[in-house]
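Please open the structure in your viewer and keep the selection tool at hand. The stops below are meant to be taken in order.

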Amino acid sequence: MLGATRTAAERRADFRALLAGDKIVQFPGAINPINAQLIEQTGFEGVYISGGAFSASQGLPDIGLTTLTEVADHGRNIARVTNLPTFIDADTGWGEAMNVARTVQEFEDAGISGMHLEDQVNPKRCGHLDGKEVVSTAEMVKRISAAVRGRRDDNFVISARTDARAGEGLDAAIDRAKAYAAAGADLIFPEAMRDLGEFEKMANALDVPILANMTEFGKSDLYTTEQLANAGVKLAIYPVTTLRIAMGAIKRGLQTIRSEGTQINVVDGMQTRADLYDTIDYAAYNEFDSHVFNFSQEGHK
């Protein structure tokens, strides 16, 4: 009722515990707060907040056009309603090293549990497109070091994403990942791995956990959690999945309404009013309201 009951500090500790556990965990992407509530109610361990999905929801390509303020506000709105850890896409950190430190603190203040930084140059590109460029290893180490130094809660998870596999090869990506972990990254995000063997080789080379980006229509096949766990992956994210599910259904529904002149044939696929109210805990708000607005002047002068 009225937001999460677990504090931001507790949720960050939860994220740490999940990464230290012996099971792979799943963080589907949430495109808005009610999406995060559904993720929690379905039994997932955490919520991912995708920069690509947020950009798309604003009608923008994923090339770094959204600002820190916009993304932090978006993350705050999602973190407010869920008791799960929230893990957000910080792109390249919105500037130089000091900007990266501020980015960490903005996300801490927003109640976020962790973030990932990438080693692309600006303007960045979607991680599963061709033509990406990366900064030097030394420059990315500065970003990670600034993020680590800037955080005030040691449980805030800082992840380093490397996009070097596409242009420099797997071995170079592994070398970068090692340097990023040495700089203080708690989690490595190896983008666009080509097969399970590459995930396994990356995991075996590192002393920190790795994640797998299970995005559709990308460079990586869509593996099961069992396959990923056997390859040494600790966290699977599904960044744009819920957006694609929703947009596909919306487009089909709109086409039906346009062609048939009514929505009657798509009602069966809709979330019902009862389910919506249950998801957002409408009854608890009514109960809260009834306790607040019960004042009477009777007996008062």
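Select Met 247, Ile 250, Leu 254 and Ile 257, which form a nonpolar patch on the surface with about 370 Å² of accessible area together. A patch here joins residues with over 30% relative accessible area and no salt bridge, nonpolar side chains (Val, Leu, Ile, Met, Phe, Trp, Tyr) being linked within 5 Å; a salt bridge is a side-chain nitrogen of Lys or Arg within 4 Å of a carboxyl oxygen of Asp or Glu, and areas follow the Shrake-Rupley method with a 1.4 Å probe.

This is a predicted model, in which local features need pLDDT of at least 70 and side-chain atom pairs pLDDT 80 or more, whereas totals for chains, interfaces and linings use all residues. Residues are numbered from 1 along each chain as its sequence is written, and side-chain values use heavy atoms, with hydrogens and water left out.

Ile 250 counts as partly exposed because its relative accessibility is 45%, between the limits of under 20% for buried and over 50% for exposed (1.4 Å probe, protein chains only).

Ile 250 is also among the residues nearest the centre of the largest pocket, whose lining has 21 residues. H11 (241–260) and H2 (33–42) each supply at least two lining residues, and H11 gives the most, with eleven.

Finally, move to Gly 167 in helix H7 (residues 164–168), which is exposed at 68% relative accessible area.

Note on methods. 1 Å grid on protein atoms, 1.4 Å probe; cavity = no way out; pocket = protein on both sides within 12 Å on 5 of 7 lines; lining within 4 Å. Helix = DSSP H or I, 4+ residues; strand = E, 2+ residues; numbered from the N terminus. Patch = residues over 30% accessible without salt bridge, like charges linked within 9 Å, V, L, I, M, F, W, Y side chains within 5 Å.
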